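Hello,

Notes on what was found in it follow below.

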Amino acid sequence: MDTHAELLERVEALARAARGRPLAPLFTDDPGRLARFVLEAAGIRVDFARQPVSGAELDALLGLARSAGIASRRDAMLRGERVNLTEDRAALHTALRRNPGEALVVDGADLMPAVDAELHRMEAFSDAVRAGRWRGATGRPIADVVSIGIGGSSLGPQLVCEALREQAHRRLRLHFLSNVDPGAWAALHPQLDPASTLFVIASKSWRTAETARNAEAARDWLLARGVAAGQLASHLVGITANPAGARVFGLHDEAIFGFEDWVGGRFSVWSAIGLPVMLSIGHEGFRRLLTGARAMDRHFAEAPLERNAPVLLALLSWWNRLVLDGGSEAVVPYCDALRRLPAWLQQLQMESNGKSVDVDGRPVRGPTAAVTWGEPGTDAQHSFFQALHQGASVHPVEFVLAVPAQPDPQGRDLALLASAIAQAEALMHGRNLAEALASLHAQGLDEAQAARLAPHLVHPGNRPSTTLLLDRLDPERLGALLALYEHRTAVLGWLWNVNSFDQWGVELGKQLARNSEALLRGDGPLPPGLDPASAALIERLRGVLSGRG
């Protein structure tokens, strides 16, 4: 039997041979390609037939996945083993959407009663706010909810609230404050009335600097506008794995919602971090979101690897890092409600797998996480699609289609979907010189004009894409979509043998920012070891800051 190293070398050799190979023959050479390269998973149609991989190459990738122990690592994560090795923690976000009646015993204790109890606490609070029973200091019902958080404490809830905006509560307005830039708060607070505003402060550690500063600004604003210190509890709610820190800030236990340290920030929308979602769409809608994610969890746990959507999508991402030269992946949701999906995916994939050493501290072999980016279609067609079609580098595209809920009298629903189909087709087939010349001749251009313009109309083609189709955008399918991406991210980490559940690369910048802030305040001379570029910038900024009014 071949060793994992031998299988890896074989797959890498196949990837080198596949570089530059046209995509169209993959269909003509394999009439059954669609049957194998299209599947259904938890209500989502996954089509990866336009990816640059043959059936034989996919078999080799699946052999590599088996050799890497993907199934056993998946099962260990779902059981609650401490797969986050550097922090000695489990990664049990799946427990948050597990059926409460199914016990999950970890370290001798069933986790599900506590998970279910916190969910019920969230529901009771959400129902009270939505019904107008939870009131501000002056007795007025809440009209505005401001979620203060950053990263995983903000991106997931914001994505879901915007995606399911058609189901939002008619009275409540949801706002998200994440950036520490004071301009963000300055733009937001004039829209708010302190008597009817609820701040939901989300920080796993309760030490996140940006969230802490914005929370202080919100608290000071409430106090300055007549809310007595003893009445702040009517306007402040905390979500954290550090309830003691929330109490020090002044929050009451009835307004502190918790989750365990085995919930990673970028995997946390299913936890109390999702409270803004529940406030927006109600507890029934939130439970439907969990139901959809649970369906994808079941698919991930039970489907064979060769029909397992998260596993296959991870293998293709891994393959593309070897075959293509672009180093990035574009995700384009053809659904305006999913416009925050690329931002959420950026954190999920790049913070999880942007690693250069494996779980044993050794350098990783080959490239890891691709740069994830994107914008919604059809807007994206008029911004960066030029580079996708005719640029010198190849960047695979993931199209996410959600069928509009209602027919549109202007036909915009059909135009939206047709645009996505056309873009994927154009990326794959392109247009050669002869086709470009024929097109120009059909427009009446003479031979000289056509010859001059034709090279500019050539599209190289052979640009791969995957299409995910949601028959409708509802809580179940959205939950399944997010869980699909979570599991794909974990599988990619196992293929690279990195820890997808820590993020030590975030910490160094935070530490240095504290030092730089002290220097910007003028706390002493610049240290002799400071690099010249930083020293010059700090000196310049000191002058600008001291001259402000």
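Asp30 sits in the loop that joins helix H2 (24-28) to helix H3 (33-37); helices (H or I, at least four residues) and strands (E, at least two) are DSSP runs, numbered from the N terminus. The relative accessible area of Asp30 is 28%, so the residue is partly exposed (buried is under 20%, exposed over 50%, partly exposed in between, with a 1.4 Å probe and protein chains only). Ser54 is 24 residues away from Asp30 along the chain, and their C-alpha atoms are 8.5 Å apart.

This is a predicted model: local features need pLDDT of at least 70, side-chain atom pairs count only at pLDDT 80 or more, and totals for chains, interfaces and linings use all residues. Residues are numbered from 1 along each chain as its sequence is written, and side-chain values use heavy atoms, with hydrogens and water left out.

For the chain as a whole, the secondary structure consists of 20 helices and 13 strands. Along the principal axes, the C-alpha atoms fill a box of roughly 80 × 65 × 60 Å.

Of the 549 residues, 50% count as buried. Among contacts (heavy atoms within 4.5 Å) with a separation of 6 or more, 74% are between residues 24 or more positions apart.

Regards
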